[in-house]
Amino acid sequence: MTIKRSDGRKAHETRKMTAKVGIIPNADGSAMFAFGNTVAIAAVYGPRKLHPQHMQDPSIGVLRCTYDLLSFSVDDRKKPGPSRRSQEISKVTGWALEPVIDLEAFPNTVIDVQIYILQADAGTRTAGINAASMALAHAGIPMKDLVCSVAVGKLDRDLVVDLTKEEEDFSDGEGATDFAIAKLASSNEFSLLQLDGKIRPEEIKEVLKMASEASKHIYEAQKKALKEVVQGD
Amino acid sequence: MEVSNLTKDYLNKLFSSGKRFDGRKLEDYRDVEVSVDVSNKAEGSARVKLGKTEVVVGVKLGIGEPYPDSPDKGNLMCTGELLLLASPRFEAGPPGFQAIELGRLLDRAIRESGMIDLSKLVITPGEKVWTIYLDIYPINDDGNLLDAANIGAIVALKNAKMPSLDKDGKIDYENRKGGLPLSKEIAPLSVSFYKLGETIIVDPTREEEEACETRVTFGISKWNKHYMVNACQKAGQNSFTEEEMNKILDLLPKEFEELNKRLKNHL
């Protein structure tokens with residue numbers, strides 16, 4: 001690894017992580033998670049009765065995720081309301097979280113997870129997943145694990161963890177590739193794999209290893225924030 | 001319409017012993033049939049049959065403004081529309097997630113592979129550029145629309161002809177000449193892996209696809225003899241273990257080569 005990162009981080013280092021649980025009193029569970037300048041907040045409502053009624057499933061509960069950017073969280077104001085991008089991220093975020101939640105315990109209900117980005121500096125979906133994972137735990141939803149998410153990027157030929165927007169826009173050599181990954185904290189299972197760019201199949205194996213390493217630190221940050229609020233109560 | 005638990009359990013057992021209903025091996029694609037010129041109004045078009053799954057893809061060119069972040073590049077817009085005629089499972093209303101994902105995955109696989117040289121689609125820098133509209137319509141959905149649509153998109157792009165501009169700068173669709181600015185070497189394909197229980201399969205039929213809980217789709221191309229993954233998306237409620245991913249990543253180039261071999265005359 002030869003690349004020099006503009007903020008002086010090592011290849012495997014994430015940005016400074018900030019995690020806080022219990023930020024929205026109305027919600028059953030809530031949390032914020034930040035990777036440096038990327039700030040995500042998440043609220044969990046439910047399990048509660050799912051409406052309209054025909055959407056209800058008597059065998060299993062439904063996890064419904066919404067992800068979006070606040071209009072002022074980016075340089076060029078984002079038009080309020082869902083976009084194709086935000087709808088796609090909402091869906092994959094749900095898929096990233098579902099493997100850890102015992103939805104069968106809540107038939108006919110919905111668990112709503114709302115994720116919003118206050119400030120975007122790349123890695124918004126990963127920060128959102130980290131926040132949502134904590135918010136679900138805070139809401140007391142039975143979970144077999146926490147989900148830790150981080151992006152691994154490629155700057156020309158070097159793999160680095162948790163890209164900033166500046167790094168994401170890197171265009172020398174092979175350019176930048178951004179691979180968003182979510183991993184279950186206590187097993188080697190991956191629940192989010194989302195990429196666009198240019199990367200060789202063998203390199204993806206390395207990417208998964210780097211994401212696993214970074215996940216350990218994210219897990220610690222999440223646990224610490226959750227403990228703070230439990231002990232505070 | 002979802003598959004019953006009985007079917008799911010049966011398929012799971014069948015897959016575990018390496019078998020499938022239609023006699024294929026787990027890592028086999030169905031027969032691929034490709035034809036072109038579905039519509040002479042389109043700048044390029046293709047029809048793909050993957051077993052009983054059938055998709056038509058058309059390329060149209062229009063004139064538009066470049067995006068502010070790429071003033072020196074033409075535009076690419078990929079859209080999928082799940083016509084109700086193609087399946088009793090499709091529902092009316094605004095585009096659902098499956099349609100959105102179809103367009104977006106295809107867009108990423110093609111854009112990131114560098115197959116299209118968008119910088120050659122500029123008419124007046126910063127003001128006027130060509131937009132390539134790539135529209136996908138399933139005609140019969142019997143599973144694995146994603147991979148079928150990608151084949152159709154590549155073939156349609158390869159067969160497309162550029163319309164010309166008349167002296168007022170309007171598009172003259174009657175006079176088409178020359179192909180789109182495409183790389184001769186790069187032709188990205190989509191390869192999706194589906195997981196049921198512990199088994200990984202490719203190219204599921206509708207029934208198999210609905211039984212599977214989890215999918216991972218790759219956009220892959222080959223450039224300078226190296227395989228390049230240009231897009232990846234995991235879908236569905238379960239996860240993949242590291243071992244499963246490593247196995248899939250070893251299988252990926254083989255599936256890509258196999259599809260390429262079968263599509264040789266068209267790519």
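Author: A:Glu220 sits in helix 4 (residues 201-232) of chain A; helices (H or I, at least four residues) and strands (E, at least two) are DSSP runs, numbered from the N terminus. This is a predicted model, in which local features need pLDDT of at least 70 and side-chain atom pairs count only at pLDDT 80 or more, while totals for chains, interfaces and linings use all residues. Residues are numbered from 1 along each chain as its sequence is written, and chains are lettered from A and ligands numbered from 1 in the order in which they are written.

A:Glu220 counts as partly exposed because it has 14 C-beta neighbours inside 10 Å (buried means 20 or more other C-beta atoms within 10 Å, exposed 12 or fewer, partly exposed in between, with C-beta atoms placed from the backbone). From A:Glu220 to A:Ala185 the C-alpha distance is 9.7 Å, with the two 35 residues apart in sequence.

Now the place where the chains touch. On chain A, 26 residues are in contact with 29 residues of chain B (contact means C-beta atoms, placed from the backbone, within 7 Å). Helix 4 of chain A is among the elements that give two or more residues to this side, together with helix 1 (84-97) and strand 9 (189-199). Strand 9 of chain A supplies the largest share, eleven residues.

Strand 9 of chain A also pairs with strand 12 (residues 226-236) of chain B, antiparallel, over four bridges; pairing requires at least two bridges found by DSSP. Within this pair, A:Leu195 has B:Cys232 as its bridge partner.

Notes
Two residues are in contact if their C-beta atoms, placed from the backbone, lie within 7 Å.
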